[in-house]
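Student: Could you take me through one part of this model up close? I'd like to hear about the charged side chains and how they pair up.

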Amino acid sequence: MAIKRFLATADTTITNAFLEDLSTRATGANIGLADSLEVFSVYGQSSGSTNGPTSELSRILVKFPVTTADDSTNSIQAKRTAGTIPASGSVSFYLRMYNVAHHETLPVNAKYNIFAVSSSWEEGRGIDLDTYTDKTLDGVGANWINANGNATAATATVTIDNDGWVEEGATVSMIATDGTTVVATAHASTTTSEASTTAVQFARNGGSNAAVATALATAINYSSYFSATATGAVVTITQATAGGTGNTVITITEDGGVGFNNTNFTGGDGSWKTPGGDYHTGSVYGDEASNVAVMYSQTMPAGNEDIEVDVSELVEQWIDGRKNNYGIGIYLTSSQEAYFKSSTDANLSAASGGVLHNLSGDTTSYHTKKFSARSSEYFYKRPCIEARWNAATKDDRGNFYYNSSLASAHENLNTIYLYNYFRGNLRNIPAVGGGLIYLNIHSGSSLDEAAAGSPLVLIGDGVHVRSAAPTVVTGGYVSTGIYSASFSLTAALTPVQTLYDVWWSGATQYHTGTIKPKLVSPSAIAPHTRHVSSVTNLRNIYRDNETARFRVHTRQKDWSPTIYTKAVAQAETNIIESGSYEIYRVVDDLKVIPYGTGSDLHTQMSFDLSGSYFDLDMSMLESGYMYGIRLSYYNQSVGSWVEQPEIFKFRVED
């Protein structure tokens, strides 16, 4: 199995679009349970203000089960731990989002940002994507202003360590949730008594650390931006307004010794720091130890394309903890979103609904792009992260060639495998574990029925066969219960018809296998080989909770054995070194798993002595339908993949 899909666990659309009155914005709307997700930018539907026409925006948030904290058994990290998904560097992760056809205008040449969300959010329960009548219900769900319904004010502390070092003029600067800075200044003897001020003062001569702390708390309480309490020498300061924007810093200035220490504001939650969502849009992300930019985008010339973007680096940062998994945000680029800002607008404030004005912005509207949500009735259109990797095992036991001057040293290497099954399950050999294993190659006895004589001398390459031990192949561990070894061998004047591979470690011999080697021979013509394929173990019905292995037997078309061969032997198996499969739904020809013949080769088939095979996780297929398997073989002569005529059908049931 070389493909695995992880469906979204939460998604929603957030917007600051106008309601029907073209004056009230839907910034409080939640659309977490709608069956579609929407991205757009609409310019000039309302004149807005004296700053000029306004823009209306819609963005998408979507989250996937990446870490064990998200899902202890079915997350990407859990599947990697279980060995289902390979280690970092051996697997690619693709974000898949599927277009929804609709009657409205599609934006052409729109470019969509795909950035990691930098703070937590809630999906919510709203469903109205048209008139935005569903608000954040019962305090649950993200909207344009709020990330979630957990409205919590941030808190910080200032501790008086040594009142004797609190000098006159020392300051404690605090930044409020709305960005206002409040400065508390130490005074010789007076604590301020003015309310609603950004500049307060506290008496530094209290006679003790606790007395100075009380004076500081009293002064801070005169400001409407914070509340404060003193417990002993510790002042606890709370933002007057809840929200993540309140997670700000405290700056202390002193002249002389150290009289204070502090912690910054933390724990603020509820609102976005910036209306419209918080995203990682640079190469360094606050206190998260990452210096790798993971900003993605996709341009859609026609407008009806799906999203298919390699987000491997982001997924790996989520897994190894460099970044918290808050999901992905999808929205138009800043130029196409047409934010407008005037010299009088300080920032994207909640009060302004996240609208900025700038007459030099893009005046084009990009309305509207829709994607299927995780609640969509269409099983194969739901958002997912798709893991792809090349899991093909190429066992040359049935396709073994003697060394030839017609091939390179690498091409002359043959790799064979040992599979250690115990009571039907793969198990590591106890004495070998995940370490090295060895083998010798022998010719046969006089009746060619068993290994005989001394081990044959192999071609040394310094890696698999060392010159100091030219008869020993050093093999290695592949995965649980599977070991492999690679070597090349020169044919004798009279080539040996059967080779015997003897696997061992220490004084213990584990297995003896047989190999029927071939000679490489050039051709006077360009071959045109056609094949006949069959799935030898195909069943009519599979369950949606199983992983099935499909065995593919391939022979040359118009194979004509002799009467003797026909009477005593099965048809010769042709080993297809480059074969790929495709799964489609029969009722509508939907390609559920298209051929993966690109760089990932995630649908490439394995092969061994009996032919080709591949594993398929049936949970990726919607039950209650019939599916078909198509096969394609790479034809080196013409340099392309050739689809085979046979189709193999099966049903998936609960």
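Tutor: Arg5, Arg96, Glu308, Glu386 and Arg388 are linked in a network of salt bridges, a salt bridge being a side-chain nitrogen of Lys or Arg within 4 Å of a carboxyl oxygen of Asp or Glu. Before we dig in, keep in mind that this is a predicted model, where local features need pLDDT of at least 70, side-chain atom pairs count only at pLDDT 80 or more, and totals for chains, interfaces and linings use all residues. Residues are numbered from 1 along each chain as its sequence is written, and side-chain values use heavy atoms, with hydrogens and water left out. pLDDT is the predictor's confidence in each residue, from 0 to 100; the chain averages 90, and 91% of the residues score at least 70.

The Arg96–Glu386 pair ties together distant parts of the chain: Arg96 sits in strand β5 (residues 92–97) and Glu386 in strand β19 (residues 384–388), 290 residues apart. Strands here are DSSP runs (E, at least two residues), and helices are H or I runs of at least four, numbered from the N terminus.

How exposed are these side chains? Buried means under 20% relative accessible area, exposed over 50%, and partly exposed in between (1.4 Å probe, protein chains only). Glu386 counts as buried because its relative accessibility is 2%, and Arg388 is buried too, with a relative accessible area of 7%. Arg96 is likewise buried.

For a contrast, look at Glu582 and Lys591, whose side chains meet in a salt bridge at 3.9 Å, N to O. Glu582 is buried at 2% relative accessibility, whereas Lys591 is partly exposed, with a relative accessible area of 48%. By the salt-bridge rule, the count comes to 23.

There's a nonpolar side to the picture as well. A nonpolar core is a set of buried Ala, Val, Leu, Ile, Met, Phe, Trp, Tyr and Cys residues joined through side-chain atoms within 4.5 Å. The largest one has 38 residues, and Ile76, Leu95, Ile307, Val315, Ile328 and Ile330 touch the most other members. A second, separate core of 29 residues includes Ala203, Ala219, Ala228 and Ile250.
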